[in-house]
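This briefing sets out what can be read from the model about its fold, its charged pairs and its aromatic rings. Please keep the sequence and the structure in view while reading.

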Amino acid sequence: MQVPYTERMKTALTFLCLALATTGFSQAAEKLAQAWDAYSSDRFEQCLATLEEVRGAESLFLQANCHQKLGDFYTALGLYDSAESSGCSQENLHLNRGICRLTLGMIEPAEQDLKRHLRSAPQHERALYYLAQLEYMRF
């Protein structure tokens with residue numbers, strides 16, 4: 001029995017879509033790896049340019065980190081919020097957002113983020129340092 005033409009077309013289109021999605025995923029993963037390399041080498045502008053074509057929570061997190069390093073704290077804060085709402089699982093999300101908020105003078109939200117980070121990493125030195133700095137700022 002021969003499969004009708006429309007069914008064969010649906011099957012072919014399904015396989016084509018899967019192939020394109022897989023190719024797009026590997027290209028996005030490659031771009032993300034390139035962006036992390038640029039970020040690790042303090043080439044934040046290059047990192048941001050690479051991420052223009054990459055979507056997702058990890059991309060938002062990395063963009064936020066770049067903007068924070070470049071001193072654009074309000075943009076960074078918005079991107080950290082977007083990364084969190086997109087399901088970002090980066091362990092330093094709350095630490096970095098807490099530092100960003102502290103820099104902007106947002107004491108209470110910064111404290112919440114830093115304490116949230118410390119719940120998962122109780123002895124994290126940077127988080128403890130910034131929490132102490134936050135307490136000092138209250139005086």
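Rings of Phe, Tyr and Trp, with the six-membered ring taken for Trp, count as a pair if their centres lie within 6.5 Å, and by this rule the count comes to five aromatic pairs. The model is predicted, and its chain holds seven helices and zero strands. The points below take up the chain as a whole, then the salt bridges, and then the aromatic rings.

**The chain as a whole**

- Read along the sequence, the chain follows the pattern α-α-α-α-α-α-α, in keeping with the count of seven helices and zero strands.
- Of the 139 residues in the chain, 35% are buried, and the chain exposes about 8,900 Å², of which carbon and sulfur atoms supply 56%.
- When contacts between residues at least 6 apart in sequence are considered, 41% of them join residues at least 24 apart.

**Salt bridges**

- The side chains of arginine 97 and aspartate 81 meet in a salt bridge with an N to O distance of 2.8 Å; arginine 97 lies in helix α5 (residues 93-103) and aspartate 81 in helix α4 (residues 73-85), so the pair ties together parts that are 16 residues apart in sequence.
- Within this second pair, arginine 97 is buried, with a relative accessible area of 4%, whereas aspartate 81 is partly exposed, with a relative accessible area of 32%.
- A salt bridge also joins the side chains of arginine 138 and glutamate 135, again given as 2.8 Å from N to O; arginine 138 counts as partly exposed at 36% relative accessibility, and glutamate 135 is likewise partly exposed, with a relative accessible area of 35%.
- Beyond the individual pairs, salt bridges that share partners join Asp81, Glu84, Arg97, Arg101, Asp113 and Arg116 into one network.

**Aromatic rings**

- A pair of aromatic rings is described by the distance of the centres and the angle of the planes.
- Tryptophan 36 and tyrosine 39 form an aromatic pair with 5.9 Å from centre to centre and 85° between the planes, and the pair is edge-to-face, a label that applies because planes over 60 degrees apart are counted in that way.
- Tryptophan 36 and tyrosine 39 are three residues apart in helix α1, so they are separated by about one helical turn.
- Tryptophan 36 counts as partly exposed at 23% relative accessibility, whereas tyrosine 39 counts as buried at 15%, the cut-off for buried being under 20% relative accessible area.
- Ring pairs link Trp36 and Tyr39 with Phe44, Phe61 and Tyr80 into a cluster.

Definitions and conventions: Residues are numbered from 1 along each chain as its sequence is written. This is a predicted model: local features need pLDDT of at least 70, side-chain atom pairs count only at pLDDT 80 or more; totals for chains, interfaces and linings use all residues. Side-chain values use heavy atoms; hydrogens and water are left out. Helices (H or I, at least four residues) and strands (E, at least two) are DSSP runs, numbered from the N terminus. Buried means under 20% relative accessible area, exposed over 50%, partly exposed in between (1.4 Å probe, protein chains only). Contact means heavy atoms within 4.5 Å. Accessible areas come from the Shrake-Rupley method with a 1.4 Å probe; for residues, only the protein chains shown count as cover. A salt bridge is a side-chain nitrogen of Lys or Arg within 4 Å of a carboxyl oxygen of Asp or Glu. Rings of Phe, Tyr and Trp (its six-membered ring) pair if their centres lie within 6.5 Å; planes under 30 degrees apart count as stacked, over 60 as edge-to-face and the rest as tilted.
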